[in-house]
Amino acid sequence: MFKRVLAASAAMALALGSASAAHAEAHVEPGGDELRAAVMEDMPGLIELYQDLHANPELSFQEFETASKLAARMREMGFEVTEGVGQTGVVAVMENGEGPTVMLRADMDGLPVIEQTGLPFASTRTAIPATGVETGVMHACGHDTHMAAWIGAAQLLVERKDEWSGTLVMILQPAEETGEGALAMLADGLYKRFPKPDYVLAFHDAAAAPAGVIGYSKGYALANVDSVDVVIPGIGGHGAYPHTTIDPLVIGASIVMRLQTLVSREINPLDPAVVTVGSFRAGSKHNIISDEARLQITVRSYTDEVRAQLLEGIARIARGEALAAGMPEDKLPVVTVQDPYTPSTYNSPEFTERVMAGLADRFEGRLFETPSVMGGEDFGQFYRADPENVQSLIFWVGGVPMDQWEASERGELELPSLHSPFWAPDAPKVIATATEALAAATLDLMPKNGG
Ligand SMILES: [Zn+2]
Ligand SMILES: [Zn+2]
(Lines give C-alpha, C1' and ligand atoms only; values in the text may rest on other atoms or scores of the structure.)
(Ligands and ions follow the chains in the order given, each with its own letter.)
Protein backbone atom coordinates (compact mmCIF):
# COMPACT_ATOMS: atom_id res chain seq x y z
CA MET A 1 0.00 0.00 0.00
CA PHE A 2 2.82 2.39 0.79
CA LYS A 3 4.79 4.00 -1.97
CA ARG A 4 8.33 4.27 -0.88
CA VAL A 5 9.67 2.70 2.27
CA LEU A 6 13.05 3.38 3.82
CA ALA A 7 13.18 6.53 1.69
CA ALA A 8 15.18 8.80 3.95
CA SER A 9 17.42 6.12 5.33
CA ALA A 10 20.65 8.03 5.19
CA ALA A 11 22.22 5.67 7.70
CA MET A 12 21.51 2.71 5.51
CA ALA A 13 22.75 4.41 2.37
CA LEU A 14 25.97 5.41 4.10
CA ALA A 15 26.56 2.02 5.59
CA LEU A 16 26.00 0.41 2.23
CA GLY A 17 28.74 2.48 0.72
CA SER A 18 31.10 0.07 2.43
CA ALA A 19 32.37 -2.71 0.24
CA SER A 20 31.19 -5.63 2.34
CA ALA A 21 27.55 -4.62 2.62
CA ALA A 22 27.34 -3.59 -1.01
CA HIS A 23 28.07 -7.16 -1.98
CA ALA A 24 25.48 -8.96 0.08
CA GLU A 25 25.26 -11.66 -2.55
CA ALA A 26 22.49 -14.21 -2.35
CA HIS A 27 24.74 -17.23 -2.36
CA VAL A 28 26.36 -19.12 0.47
CA GLU A 29 28.80 -16.65 1.88
CA PRO A 30 31.68 -17.37 4.16
CA GLY A 31 30.03 -17.73 7.54
CA GLY A 32 26.79 -18.96 5.97
CA ASP A 33 25.49 -21.92 7.95
CA GLU A 34 23.48 -25.06 7.30
CA LEU A 35 20.21 -23.05 7.22
CA ARG A 36 21.53 -20.74 4.54
CA ALA A 37 22.81 -23.67 2.52
CA ALA A 38 19.33 -25.22 2.72
CA VAL A 39 17.77 -21.95 1.49
CA MET A 40 20.10 -21.95 -1.49
CA GLU A 41 19.17 -25.53 -2.32
CA ASP A 42 15.49 -24.57 -2.29
CA MET A 43 15.97 -21.42 -4.37
CA PRO A 44 15.41 -22.86 -7.88
CA GLY A 45 12.01 -24.16 -6.79
CA LEU A 46 11.14 -20.92 -5.00
CA ILE A 47 12.08 -18.83 -8.04
CA GLU A 48 9.93 -21.04 -10.23
CA LEU A 49 7.04 -20.47 -7.81
CA TYR A 50 7.75 -16.72 -7.72
CA GLN A 51 7.70 -16.42 -11.51
CA ASP A 52 4.43 -18.34 -11.68
CA LEU A 53 2.87 -16.08 -9.02
CA HIS A 54 4.25 -13.00 -10.76
CA ALA A 55 2.78 -14.00 -14.11
CA ASN A 56 -0.61 -14.71 -12.55
CA PRO A 57 -1.51 -11.89 -10.16
CA GLU A 58 -5.03 -11.44 -8.81
CA LEU A 59 -6.74 -8.38 -7.38
CA SER A 60 -7.82 -7.88 -3.76
CA PHE A 61 -10.37 -10.48 -2.58
CA GLN A 62 -10.07 -12.19 -5.97
CA GLU A 63 -7.01 -14.29 -4.99
CA PHE A 64 -8.73 -17.60 -5.69
CA GLU A 65 -6.07 -19.35 -7.81
CA THR A 66 -3.24 -18.00 -5.70
CA ALA A 67 -4.84 -19.21 -2.49
CA SER A 68 -5.69 -22.70 -3.70
CA LYS A 69 -2.30 -23.19 -5.34
CA LEU A 70 -0.43 -22.36 -2.13
CA ALA A 71 -2.94 -24.11 0.15
CA ALA A 72 -2.26 -27.34 -1.77
CA ARG A 73 1.48 -26.99 -1.18
CA MET A 74 0.94 -26.46 2.53
CA ARG A 75 -1.26 -29.55 2.74
CA GLU A 76 1.44 -31.59 1.02
CA MET A 77 3.89 -30.39 3.66
CA GLY A 78 1.64 -31.69 6.42
CA PHE A 79 -0.08 -28.51 7.60
CA GLU A 80 -3.73 -28.56 8.58
CA VAL A 81 -5.11 -26.09 6.04
CA THR A 82 -8.33 -24.08 6.05
CA GLU A 83 -9.29 -22.01 3.03
CA GLY A 84 -11.83 -19.23 2.64
CA VAL A 85 -10.98 -17.47 5.91
CA GLY A 86 -11.96 -13.82 5.40
CA GLN A 87 -13.15 -14.60 1.84
CA THR A 88 -9.96 -15.85 0.17
CA GLY A 89 -7.57 -16.14 3.14
CA VAL A 90 -5.70 -19.33 4.01
CA VAL A 91 -4.73 -20.59 7.48
CA ALA A 92 -2.21 -23.44 7.77
CA VAL A 93 -1.50 -24.83 11.24
CA MET A 94 1.21 -27.19 12.41
CA GLU A 95 1.12 -28.26 16.05
CA ASN A 96 4.45 -29.54 17.24
CA GLY A 97 4.46 -29.90 21.01
CA GLU A 98 4.56 -27.47 23.90
CA GLY A 99 5.66 -23.93 23.34
CA PRO A 100 4.60 -20.57 21.96
CA THR A 101 2.43 -19.97 18.93
CA VAL A 102 4.14 -18.12 16.09
CA MET A 103 2.19 -16.74 13.15
CA LEU A 104 3.86 -15.91 9.81
CA ARG A 105 1.83 -13.79 7.43
CA ALA A 106 2.14 -13.15 3.70
CA ASP A 107 -0.27 -11.05 1.64
CA MET A 108 -1.52 -12.26 -1.72
CA ASP A 109 -3.03 -9.46 -3.78
CA GLY A 110 -1.75 -7.72 -6.89
CA LEU A 111 -2.67 -4.22 -8.09
CA PRO A 112 -4.63 -2.73 -11.00
CA VAL A 113 -1.43 -1.75 -12.81
CA ILE A 114 -0.40 -2.57 -16.39
CA GLU A 115 3.03 -4.17 -16.04
CA GLN A 116 5.87 -2.54 -17.97
CA THR A 117 8.93 -4.31 -16.56
CA GLY A 118 9.63 -6.24 -19.75
CA LEU A 119 10.41 -9.34 -17.66
CA PRO A 120 10.01 -12.63 -19.55
CA PHE A 121 7.44 -13.69 -16.94
CA ALA A 122 5.64 -10.32 -16.83
CA SER A 123 1.91 -10.40 -16.18
CA THR A 124 -0.44 -10.01 -19.11
CA ARG A 125 -3.50 -10.58 -16.95
CA THR A 126 -6.49 -8.28 -16.83
CA ALA A 127 -9.31 -8.00 -14.30
CA ILE A 128 -12.08 -5.69 -13.20
CA PRO A 129 -11.43 -3.81 -9.94
CA ALA A 130 -13.99 -1.96 -7.81
CA THR A 131 -13.95 0.97 -10.25
CA GLY A 132 -15.60 -1.30 -12.81
CA VAL A 133 -13.12 -0.50 -15.58
CA GLU A 134 -11.02 -3.41 -16.86
CA THR A 135 -7.32 -3.01 -16.20
CA GLY A 136 -4.06 -4.92 -16.25
CA VAL A 137 -3.05 -6.65 -13.02
CA MET A 138 0.48 -6.72 -11.64
CA HIS A 139 2.30 -7.75 -8.50
CA ALA A 140 3.61 -4.19 -8.34
CA CYS A 141 3.96 -4.25 -4.55
CA GLY A 142 6.02 -7.45 -4.53
CA HIS A 143 3.53 -9.61 -2.66
CA ASP A 144 4.70 -12.44 -4.93
CA THR A 145 8.10 -12.29 -3.21
CA HIS A 146 6.30 -12.42 0.16
CA MET A 147 4.43 -15.59 -0.78
CA ALA A 148 7.51 -17.31 -2.23
CA ALA A 149 9.53 -16.62 0.94
CA TRP A 150 6.58 -17.70 3.08
CA ILE A 151 6.58 -21.08 1.30
CA GLY A 152 10.36 -21.16 1.60
CA ALA A 153 10.19 -20.64 5.36
CA ALA A 154 7.47 -23.28 5.70
CA GLN A 155 9.65 -25.83 3.90
CA LEU A 156 12.64 -25.12 6.14
CA LEU A 157 10.55 -25.31 9.30
CA VAL A 158 8.89 -28.57 8.29
CA GLU A 159 12.27 -30.12 7.49
CA ARG A 160 13.49 -29.00 10.93
CA LYS A 161 10.48 -30.10 12.92
CA ASP A 162 12.72 -31.75 15.50
CA GLU A 163 14.48 -28.43 16.15
CA TRP A 164 11.45 -26.49 17.40
CA SER A 165 8.54 -26.95 19.73
CA GLY A 166 5.26 -25.03 19.66
CA THR A 167 2.52 -24.19 17.21
CA LEU A 168 3.19 -22.68 13.81
CA VAL A 169 0.32 -20.76 12.21
CA MET A 170 0.99 -19.64 8.65
CA ILE A 171 -1.53 -17.33 7.04
CA LEU A 172 -2.06 -15.97 3.55
CA GLN A 173 -3.95 -12.71 3.77
CA PRO A 174 -6.14 -11.30 1.01
CA ALA A 175 -6.73 -7.65 0.14
CA GLU A 176 -3.82 -5.87 1.80
CA GLU A 177 -3.95 -3.19 -0.87
CA THR A 178 -7.47 -2.15 0.03
CA GLY A 179 -6.68 -2.35 3.75
CA GLU A 180 -9.48 -4.84 4.35
CA GLY A 181 -7.93 -8.31 4.33
CA ALA A 182 -6.44 -8.57 7.83
CA LEU A 183 -9.69 -7.36 9.37
CA ALA A 184 -11.68 -9.80 7.23
CA MET A 185 -9.62 -12.73 8.52
CA LEU A 186 -9.92 -11.58 12.13
CA ALA A 187 -13.66 -11.03 11.75
CA ASP A 188 -13.91 -14.56 10.37
CA GLY A 189 -12.44 -15.99 13.58
CA LEU A 190 -8.68 -16.06 12.91
CA TYR A 191 -7.96 -15.75 16.65
CA LYS A 192 -10.92 -17.90 17.74
CA ARG A 193 -11.10 -20.82 15.32
CA PHE A 194 -7.31 -21.21 15.18
CA PRO A 195 -4.54 -21.01 17.81
CA LYS A 196 -4.01 -17.37 18.81
CA PRO A 197 -0.41 -16.27 18.21
CA ASP A 198 1.97 -14.99 20.85
CA TYR A 199 4.15 -13.62 18.07
CA VAL A 200 3.28 -12.40 14.57
CA LEU A 201 5.93 -11.87 11.90
CA ALA A 202 5.93 -10.59 8.32
CA PHE A 203 8.18 -8.74 5.91
CA HIS A 204 7.67 -6.35 3.00
CA ASP A 205 9.98 -5.87 0.05
CA ALA A 206 11.42 -2.36 -0.18
CA ALA A 207 11.89 -0.27 -3.32
CA ALA A 208 14.17 2.24 -1.64
CA ALA A 209 16.79 -0.13 -0.28
CA PRO A 210 19.36 -2.34 -2.00
CA ALA A 211 18.56 -6.00 -2.50
CA GLY A 212 19.25 -8.32 0.40
CA VAL A 213 19.40 -5.84 3.27
CA ILE A 214 16.99 -5.95 6.20
CA GLY A 215 15.49 -2.79 7.73
CA TYR A 216 13.36 -2.50 10.84
CA SER A 217 11.77 0.13 13.09
CA LYS A 218 10.81 -0.25 16.75
CA GLY A 219 7.40 1.02 17.86
CA TYR A 220 5.30 2.74 15.23
CA ALA A 221 6.56 1.60 11.84
CA LEU A 222 3.71 2.58 9.52
CA ALA A 223 0.92 5.12 9.85
CA ASN A 224 -2.82 5.27 10.36
CA VAL A 225 -4.23 5.89 6.89
CA ASP A 226 -7.58 7.63 6.53
CA SER A 227 -9.30 8.57 3.30
CA VAL A 228 -11.68 11.50 3.73
CA ASP A 229 -14.21 12.82 1.21
CA VAL A 230 -15.65 16.31 1.53
CA VAL A 231 -18.66 17.29 -0.57
CA ILE A 232 -19.15 21.07 -0.50
CA PRO A 233 -22.53 22.35 -1.67
CA GLY A 234 -22.72 25.78 -3.22
CA ILE A 235 -25.42 27.93 -4.72
CA GLY A 236 -24.67 27.93 -8.43
CA GLY A 237 -25.36 30.49 -11.11
CA HIS A 238 -23.90 32.71 -13.83
CA GLY A 239 -20.21 33.57 -13.57
CA ALA A 240 -21.02 37.21 -14.33
CA TYR A 241 -23.39 37.51 -11.35
CA PRO A 242 -21.43 36.12 -8.38
CA HIS A 243 -23.51 38.18 -5.93
CA THR A 244 -26.49 35.91 -6.68
CA THR A 245 -24.53 32.73 -5.81
CA ILE A 246 -22.39 31.16 -3.10
CA ASP A 247 -19.30 29.80 -4.84
CA PRO A 248 -18.26 26.33 -3.58
CA LEU A 249 -14.86 26.66 -5.29
CA VAL A 250 -13.98 29.59 -3.06
CA ILE A 251 -15.21 27.69 0.00
CA GLY A 252 -13.19 24.67 -1.15
CA ALA A 253 -10.07 26.76 -1.70
CA SER A 254 -10.45 28.25 1.79
CA ILE A 255 -10.83 24.77 3.26
CA VAL A 256 -7.70 23.57 1.47
CA MET A 257 -5.68 26.50 2.80
CA ARG A 258 -7.06 26.29 6.34
CA LEU A 259 -6.32 22.54 6.42
CA GLN A 260 -2.63 23.44 6.11
CA THR A 261 -2.80 24.86 9.62
CA LEU A 262 -4.04 21.60 11.16
CA VAL A 263 -0.61 20.00 11.28
CA SER A 264 1.37 23.23 11.55
CA ARG A 265 -0.72 24.94 14.27
CA GLU A 266 -2.82 22.34 16.07
CA ILE A 267 -0.80 19.11 16.32
CA ASN A 268 2.10 18.79 18.74
CA PRO A 269 5.21 19.25 16.56
CA LEU A 270 6.66 16.05 18.05
CA ASP A 271 3.74 13.96 16.75
CA PRO A 272 4.02 12.97 13.06
CA ALA A 273 0.95 13.86 10.99
CA VAL A 274 0.07 14.51 7.34
CA VAL A 275 -3.01 16.05 5.73
CA THR A 276 -2.83 16.01 1.92
CA VAL A 277 -5.64 17.12 -0.37
CA GLY A 278 -5.10 14.84 -3.34
CA SER A 279 -8.14 15.81 -5.38
CA PHE A 280 -10.20 18.99 -5.77
CA ARG A 281 -12.92 18.80 -8.39
CA ALA A 282 -15.63 21.27 -9.29
CA GLY A 283 -17.24 23.11 -12.16
CA SER A 284 -17.72 22.54 -15.85
CA LYS A 285 -17.25 25.82 -17.71
CA HIS A 286 -15.64 29.29 -17.54
CA ASN A 287 -18.78 31.25 -16.87
CA ILE A 288 -20.73 28.96 -14.58
CA ILE A 289 -20.48 29.07 -10.82
CA SER A 290 -20.76 25.46 -9.76
CA ASP A 291 -23.23 24.17 -7.22
CA GLU A 292 -20.78 21.65 -5.79
CA ALA A 293 -17.08 21.03 -5.11
CA ARG A 294 -15.43 17.81 -3.92
CA LEU A 295 -12.21 17.19 -2.03
CA GLN A 296 -10.39 13.90 -1.45
CA ILE A 297 -7.95 13.95 1.43
CA THR A 298 -5.44 11.44 2.77
CA VAL A 299 -4.75 11.74 6.49
CA ARG A 300 -1.75 10.08 8.19
CA SER A 301 -0.87 9.73 11.85
CA TYR A 302 0.54 7.19 14.31
CA THR A 303 -1.54 7.51 17.47
CA ASP A 304 -5.31 7.23 17.93
CA GLU A 305 -5.33 10.64 19.64
CA VAL A 306 -3.67 12.50 16.76
CA ARG A 307 -5.90 10.69 14.28
CA ALA A 308 -9.03 11.81 16.15
CA GLN A 309 -7.72 15.36 16.38
CA LEU A 310 -7.06 15.53 12.62
CA LEU A 311 -10.43 14.09 11.64
CA GLU A 312 -12.27 16.40 14.04
CA GLY A 313 -10.27 19.33 12.65
CA ILE A 314 -11.19 18.56 9.05
CA ALA A 315 -14.91 18.43 9.91
CA ARG A 316 -14.69 21.66 11.92
CA ILE A 317 -12.78 23.56 9.21
CA ALA A 318 -15.14 22.39 6.43
CA ARG A 319 -18.15 23.52 8.44
CA GLY A 320 -16.53 26.77 9.54
CA GLU A 321 -15.48 27.88 6.07
CA ALA A 322 -18.95 27.17 4.64
CA LEU A 323 -20.59 29.15 7.44
CA ALA A 324 -18.13 32.00 6.87
CA ALA A 325 -19.22 32.06 3.21
CA GLY A 326 -22.85 32.39 4.27
CA MET A 327 -24.06 28.87 3.51
CA PRO A 328 -27.22 27.97 5.43
CA GLU A 329 -27.05 25.27 8.15
CA ASP A 330 -28.86 22.75 5.95
CA LYS A 331 -26.30 23.05 3.10
CA LEU A 332 -23.02 22.61 4.96
CA PRO A 333 -20.26 20.32 3.64
CA VAL A 334 -20.64 16.59 4.18
CA VAL A 335 -17.46 14.96 5.47
CA THR A 336 -17.13 11.17 5.13
CA VAL A 337 -14.31 9.13 6.63
CA GLN A 338 -13.81 5.81 4.86
CA ASP A 339 -14.57 2.86 7.10
CA PRO A 340 -12.70 0.66 7.78
CA TYR A 341 -9.48 2.66 7.80
CA THR A 342 -5.95 1.26 7.87
CA PRO A 343 -4.62 1.52 11.42
CA SER A 344 -0.98 2.20 12.19
CA THR A 345 1.47 -0.68 12.44
CA TYR A 346 3.22 -1.02 15.77
CA ASN A 347 6.33 -3.18 16.09
CA SER A 348 6.43 -4.39 19.70
CA PRO A 349 9.76 -2.91 20.84
CA GLU A 350 11.02 -5.79 23.01
CA PHE A 351 9.97 -8.39 20.49
CA THR A 352 11.62 -6.44 17.68
CA GLU A 353 14.86 -6.23 19.65
CA ARG A 354 14.75 -9.93 20.42
CA VAL A 355 14.19 -10.98 16.80
CA MET A 356 16.82 -8.61 15.44
CA ALA A 357 19.37 -9.67 18.06
CA GLY A 358 18.79 -13.25 16.89
CA LEU A 359 19.42 -12.24 13.25
CA ALA A 360 22.35 -9.89 13.91
CA ASP A 361 25.25 -12.33 13.35
CA ARG A 362 23.61 -14.11 10.46
CA PHE A 363 23.00 -10.86 8.57
CA GLU A 364 25.99 -8.88 9.72
CA GLY A 365 26.45 -5.75 7.61
CA ARG A 366 22.98 -6.15 6.08
CA LEU A 367 20.76 -5.33 9.08
CA PHE A 368 19.74 -1.71 9.79
CA GLU A 369 17.38 0.15 12.06
CA THR A 370 15.49 2.50 9.73
CA PRO A 371 13.12 5.45 10.20
CA SER A 372 9.42 4.72 10.36
CA VAL A 373 7.28 5.83 7.42
CA MET A 374 3.90 7.49 6.88
CA GLY A 375 2.80 4.75 4.48
CA GLY A 376 0.24 2.18 5.61
CA GLU A 377 -0.17 -1.59 5.95
CA ASP A 378 -3.05 -3.47 7.45
CA PHE A 379 -0.62 -5.86 9.18
CA GLY A 380 -1.11 -3.72 12.29
CA GLN A 381 -4.58 -5.26 12.74
CA PHE A 382 -3.06 -8.53 13.98
CA TYR A 383 -1.51 -6.68 16.92
CA ARG A 384 -4.47 -4.39 17.54
CA ALA A 385 -6.84 -7.34 17.78
CA ASP A 386 -5.23 -8.25 21.13
CA PRO A 387 -2.43 -5.89 22.13
CA GLU A 388 -2.20 -7.43 25.62
CA ASN A 389 -1.23 -10.85 24.33
CA VAL A 390 0.10 -10.48 20.81
CA GLN A 391 3.51 -9.08 19.89
CA SER A 392 4.19 -8.30 16.27
CA LEU A 393 6.89 -7.19 13.87
CA ILE A 394 7.04 -6.39 10.18
CA PHE A 395 10.46 -5.75 8.68
CA TRP A 396 11.69 -4.62 5.25
CA VAL A 397 13.81 -6.58 2.84
CA GLY A 398 15.50 -4.39 0.24
CA GLY A 399 14.75 -5.28 -3.36
CA VAL A 400 16.60 -2.82 -5.61
CA PRO A 401 19.07 -4.66 -7.90
CA MET A 402 22.60 -3.63 -6.90
CA ASP A 403 23.56 -2.16 -10.30
CA GLN A 404 20.43 0.02 -10.24
CA TRP A 405 21.09 1.03 -6.63
CA GLU A 406 24.62 2.12 -7.49
CA ALA A 407 23.43 4.02 -10.58
CA SER A 408 20.85 5.84 -8.46
CA GLU A 409 23.54 6.68 -5.88
CA ARG A 410 25.50 8.30 -8.71
CA GLY A 411 22.38 10.24 -9.68
CA GLU A 412 22.11 8.47 -13.02
CA LEU A 413 18.85 6.62 -12.39
CA GLU A 414 15.47 7.36 -10.83
CA LEU A 415 14.36 4.23 -9.02
CA PRO A 416 10.75 3.08 -9.46
CA SER A 417 8.70 2.98 -6.26
CA LEU A 418 6.45 0.21 -5.05
CA HIS A 419 3.23 0.19 -7.12
CA SER A 420 5.17 1.39 -10.17
CA PRO A 421 4.58 -0.56 -13.42
CA PHE A 422 8.39 -0.74 -13.62
CA TRP A 423 9.05 -2.24 -10.16
CA ALA A 424 11.15 -5.36 -10.75
CA PRO A 425 12.95 -6.33 -7.54
CA ASP A 426 15.97 -8.60 -7.42
CA ALA A 427 13.60 -11.39 -6.45
CA PRO A 428 16.24 -14.06 -5.76
CA LYS A 429 17.89 -11.83 -3.16
CA VAL A 430 14.60 -10.75 -1.59
CA ILE A 431 13.29 -14.29 -1.38
CA ALA A 432 16.55 -15.85 -0.15
CA THR A 433 17.01 -13.18 2.52
CA ALA A 434 13.41 -13.23 3.70
CA THR A 435 13.13 -17.03 3.71
CA GLU A 436 16.21 -17.32 5.85
CA ALA A 437 15.18 -14.47 8.17
CA LEU A 438 11.65 -15.78 8.72
CA ALA A 439 12.85 -19.34 9.35
CA ALA A 440 15.73 -18.32 11.61
CA ALA A 441 13.52 -15.98 13.64
CA THR A 442 10.82 -18.66 14.05
CA LEU A 443 13.35 -21.29 15.15
CA ASP A 444 14.68 -18.77 17.65
CA LEU A 445 11.20 -18.07 19.05
CA MET A 446 10.30 -21.76 19.46
CA PRO A 447 13.36 -23.47 20.93
CA LYS A 448 13.05 -27.23 21.37
CA ASN A 449 13.54 -27.34 25.14
CA GLY A 450 11.01 -24.77 26.27
CA GLY A 451 12.95 -21.53 26.36
ZN1 LIG B 1 1.11 -2.01 -1.90
ZN1 LIG C 1 2.41 -4.31 -0.18
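**Sheet and rings**

Mentor: Four strands form an open sheet in the order 12-14-10-15, paired antiparallel. Strand 12 (273-282) and strand 15 (334-337) are the edges, each with a single partner strand, so one side of each lacks a neighbour in the sheet. The twist averages 20 degrees from one strand to the next. This is a predicted model: local features need pLDDT of at least 70, side-chain atom pairs count only at pLDDT 80 or more, and totals for chains, interfaces and linings use all residues. Residues are numbered from 1 along each chain as its sequence is written, chains are lettered from A and ligands numbered from 1 in the order written, and side-chain values use heavy atoms, without hydrogens and water.

Trainee: What counts as a strand, and as a pair?

Mentor: Strands (E, at least two residues) and helices (H or I, at least four) are DSSP runs, numbered from the N terminus. Two strands pair if DSSP finds at least two bridges between them. Angles run from 0 to 180 degrees between N-to-C directions of axes fitted to C-alpha atoms, for helices over the stretch in contact.

Trainee: How many bridges join strand 12 to strand 14?

Mentor: Nine, and strand 14 covers residues 292-301. Phe-280 has Leu-295 as its bridge partner in strand 14.

Trainee: How are ring pairs read?

Mentor: Rings of Phe, Tyr and Trp (its six-membered ring) pair if their centres lie within 6.5 Å; planes under 30 degrees apart are stacked, over 60 edge-to-face, the rest tilted. The structure holds seven aromatic pairs. Tyr-199 and Phe-351 have ring centres 4.9 Å apart and planes at 15 degrees, so this pair is stacked.
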